[in-house]
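Hello,

Please find the structure we discussed below. My notes on it follow.

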Amino acid sequence: MKMSVILGIVHMCFGVTLSVFNYMHFRKRWFILLVFVPEILFLLCLFGYLVFLIIYKWIVYSAENSKFAPSILIHFIDMFLFTSSAGNADLYNSQ
């Protein structure tokens, strides 16, 4: 399930990157600055952090201690709400 999220985000990044070639072909170079840069910045900051959390959780938590692993979904929702859940432990220090 998490691998499909990573592949989907890579696919979205590829699609947004292909838009640069369209902007250059149709001579709309200002769209690169006004559309592409905000799109890729938002995509990589938000979903790049999600990919980081997924890979970090794969590395740190094995099958033996997976029952103690915190939920990435709860962390991601709490990030938007600026809250924290008492029942969900942090993935790493200073999170």
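Rings of Phe, Tyr and Trp (its six-membered ring) are paired here if their centres lie within 6.5 Å; planes under 30 degrees apart count as stacked, over 60 as edge-to-face and the rest as tilted. On that basis Tyr49, Phe52, Tyr56 and Tyr92 form one aromatic cluster.

This is a predicted model, in which local features need pLDDT of at least 70 and side-chain atom pairs count only at pLDDT 80 or more, while totals for chains, interfaces and linings use all residues. Residues are numbered from 1 along each chain as its sequence is written, and side-chain values use heavy atoms, with hydrogens and water left out.

Aromatic pairs

Searching the whole structure gives 7 aromatic pairs. Trp30 and Phe31 make an edge-to-face pair, at 5.7 Å centre to centre with 75° between the planes. Trp30 is partly exposed because its relative accessibility is 49%; Phe31, at 28%, also counts as partly exposed. The classes are buried (under 20% relative accessible area), exposed (over 50%) and partly exposed (in between), with a 1.4 Å probe and protein chains only.

Phe36

Phe36 lies in helix H2; helices (H or I, at least four residues) are DSSP runs, numbered from the N terminus. Phe36 has a relative accessible area of 15%, so it is buried. Leaving aside neighbours within four places in sequence, Phe36 is in contact (heavy atoms within 4.5 Å) with Val16, Thr17, Ser19, Val20, Tyr23 and Phe31. Val20 is 16 residues from Phe36 in sequence and 7.0 Å from it in space, C-alpha to C-alpha.

Asn88

Asn88 is in the segment after helix H3 (72-81) and is buried, with a relative accessible area of 13%. Its side chain reaches the backbone nitrogen of Ser71 at 2.9 Å. Not counting residues up to four places away in sequence, Asn88 touches Pro70, Ser71, Ile74 and His75.

Nonpolar patch

Met3, Leu7, Ile55, Trp58, Ile59 and Val60 make a nonpolar surface patch of about 590 Å². Patch residues have over 30% relative accessible area and no salt bridge, and nonpolar side chains (Val, Leu, Ile, Met, Phe, Trp, Tyr) are joined within 5 Å. A salt bridge is a side-chain nitrogen of Lys or Arg within 4 Å of a carboxyl oxygen of Asp or Glu. Helices H1 (2-25) and H2 (30-60) each supply at least two residues of the patch, and H2 gives the most, with 4 residues. Met3 lies in H1 and is partly exposed, at 45% relative accessible area.

Regards

Methods
Patches are made of residues with over 30% relative accessible area and no salt bridge: like charges are joined within 9 Å, nonpolar side chains (Val, Leu, Ile, Met, Phe, Trp, Tyr) within 5 Å. Accessible areas come from the Shrake-Rupley method with a 1.4 Å probe; for residues, only the protein chains shown count as cover. A polar contact is a pair of N or O atoms within 3.5 Å; within protein, one must be able to donate a hydrogen and the other to accept it, and residues adjacent in sequence count only if both atoms are side-chain atoms.
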